[in-house]
Amino acid sequence: MTGAVSGRPEPESTSTDALRCARDAGRSHDWQACHELLQGLSWDQPIHEAERLDLLADSAWWLGRVEESIDARQAAHGLYESLGEHRRAAMCAVWLYQDHCLRGRPAAGTGWLQRARRALEGDTGCVEYGALLLREAEIAHGQGRLDQAAELAERSRVLGRALASADLEAEALQTLGRVLIDAARPAEGLCHLDEAMLLAVEGRLGPYSTGKVYCSMISACEELGDLRRAAEWTDATATWAARYPLAIFPGICRVHRAVVLDRRGALEEAEREAARACDELLGSHLPNAVSAFAEVGDIRRRLGDLDGAEEAFARAEQLCGRACAGAALLRLAQGHLDQARRIIAGCLADEPPDRLSRARLLPAAVQIAV
């Protein structure tokens, strides 16, 4: 085992102490300190080096350095796989699926998810398998296969309860809740989300699961038009996010907060929150960065800043490859009716897989038609 601080070998005890400090920093969510400590270490033993790389990937992810996280996680996966640590290799592969998708590389993500399936073949009684089930449920949900998505999420929930994994149980509950909402069972879906939220506010979840449950709940409230509920949970989310100022989730939560402020009529404050979210999410979560830019564009349009709206919508289109409904309303405000019709027709032609997604496009379509 060797250290690599300033290019000079360090005594074994120094490396061991630094690694212990890095683990402590990770447990207390001081990701900056964790990241700095781990960058200055290297280990001869493959298992220790794999653990270092895995923790380095975690710290880089929470700092919004997703590409760096991917590199470290891929190296950790290779070491775990060579050591026969199949569950750890599978969990790395699950994270790599998710992170490649966040960066707009779904084909690479699919390949990593297949590796996770292969690593866990015949090993279905572990948290790692539950995490795999959840990603498969999310894929089925996104493709409109709601019955299959619900079945996969329920299997993960049962497994999480059996293994006493609050994180797995809560994430499964939120996935099941969102699927039920899209299956036109909103009351039942919100009950599942409320149960997941209870685990979060009790402090029984890790930071990732906490953030995922919070953001999913707020997003569901926005989709259903439950502004009171959204405002209540947004305030709770802001309190949580303040505890993790270097985390990826505050940028995502800021988008939701901007939407709530927008609906309350606080447009200028909403624009500031959404603009901050754009900066925070560009290096980490592209789909939510698109949402942030679109929200900025829509707020600026309604404030009469058409040039600023044009800039924001152009950035969103650059990131996702297509114009959004807000851009259609901007063209309407600019007097370009034919362009507005084309954009909104294109949005509707994409055929969102659920009625709620389509319903959010219809007010803009009606306004342009009128």
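Biologist: H5 passes H6 in a left-handed crossing. What makes a crossing left-handed?

Modeller: The near helix has to be turned anticlockwise from the far one by less than a right angle. This is a predicted model, and in it H5 crosses H6 in that left-handed way.

Biologist: Why are H5 and H6 called roughly antiparallel?

Modeller: Helix H5 covers residues 86-102 and helix H6 covers residues 106-119, and they pack at an angle of about 165°. The label needs an angle over 145 degrees, so H5 and H6 count as roughly antiparallel. Their axes are 8 Å apart.

Biologist: Which residues make the contact?

Modeller: From H5 you have His86, Ala90, Ala93, Val94, Leu96, Tyr97, His100 and Cys101. H6 brings Pro106, Ala108, Gly109, Thr110, Trp112, Leu113, Arg115, Ala116 and Ala119. Sorted by class, the contact of H5 with H6 has 12 nonpolar, 4 polar and 1 charged residues. Trp and Tyr go in the nonpolar group, whereas Gly is put with the polar ones.

Biologist: Let's stay with Trp112 in helix H6. Is Trp112 buried or exposed, and why?

Modeller: Trp112 has a relative accessible area of 11%. Buried means under 20%, so Trp112 is buried. Leaving aside neighbours within four places in sequence, Trp112 is in contact with Gln74, His77, Ala93, Leu96, Tyr97 and His100. The C-alpha atom of Trp112 is also separated by 8.8 Å from that of Cys92, 20 residues apart along the chain.

Biologist: On to the other helix pair. What makes H18 and H19 roughly antiparallel?

Modeller: Helix H18 (residues 337-349) and helix H19 (residues 355-369) pack at an angle of about 160°. With the cut-off at over 145 degrees, the pair is therefore roughly antiparallel. The axes of H18 and H19 are 10 Å apart, and H18 passes H19 in a left-handed crossing.

Biologist: And which residues make that contact of H18 and H19?

Modeller: On H18, Leu337, Ala340, Arg341, Ile344, Cys347 and Leu348 take part. On H19, the residues are Arg358, Leu361, Leu362, Ala364, Ala365 and Ile368. They divide into 10 nonpolar, no polar and 2 charged. Arg is one of the residues that count as charged.

Biologist: Speaking of arginines, how do you know that Arg229 counts as buried?

Modeller: Arg229, in helix H12 (residues 227-242), has 16% relative accessibility. That falls under the 20% limit, so Arg229 counts as buried. Arg229 touches Leu190, Asp194, Met217 and Cys221, not counting residues up to four places away in sequence.

Biologist: What about Arg301: buried or exposed?

Modeller: Arg301 lies in helix H15 (residues 286-303). Its relative accessible area is 15%, and with buried set at under 20%, Arg301 is buried. With residues up to four places away in sequence left out, Arg301 touches Leu306, Ala309, Gly326, Leu329 and Leu330.

Biologist: And why is Ala149 called buried?

Modeller: Ala149 has a relative accessible area of 0%. The limit is under 20%, so Ala149 is buried. Ala149 sits in helix H8 (residues 146-162) and touches Ala137, Ala140, His141 and Val179, again not counting residues up to four places away in sequence.

Biologist: Now the loops. Why does Ala164 count as exposed?

Modeller: Exposed means over 50%, and Ala164 has 72% relative accessibility, so exposed is the word. Ala164 lies in the loop between H8 and helix H9 (166-182). Its phi is near 55°, a positive value in a residue other than glycine.

Biologist: What about His29: which class does its accessible area give?

Modeller: His29 has a relative accessible area of 23%. His29 is in the loop between helix H1 (12-27) and helix H2 (31-39), and has a positive phi of about 65° although it is not a glycine.

Biologist: Last one, on the whole chain. What radius of gyration does the protein have, and what would a compact globule have?

Modeller: With 370 residues, a compact globule would come out near 21 Å; the protein has 22 Å, which agrees. Buried residues make up 51% of the 370, and the protein has 19 helices and 2 strands.

How values were computed. Residues are numbered from 1 along each chain as its sequence is written. This is a predicted model: local features need pLDDT of at least 70, side-chain atom pairs count only at pLDDT 80 or more; totals for chains, interfaces and linings use all residues. Side-chain values use heavy atoms; hydrogens and water are left out. Axes are lines fitted to C-alpha atoms, for helices over the stretch in contact, and angles run from 0 to 180 degrees between N-to-C directions. Helices (H or I, at least four residues) and strands (E, at least two) are DSSP runs, numbered from the N terminus. Angles under 35 degrees count as roughly parallel, over 145 as roughly antiparallel, 65 to 115 as roughly perpendicular and the rest as oblique. Contact means heavy atoms within 4.5 Å. The radius of gyration is taken over C-alpha atoms; the globule rule is 2.2 Å times the number of residues to the power 0.38. Buried means under 20% relative accessible area, exposed over 50%, partly exposed in between (1.4 Å probe, protein chains only).
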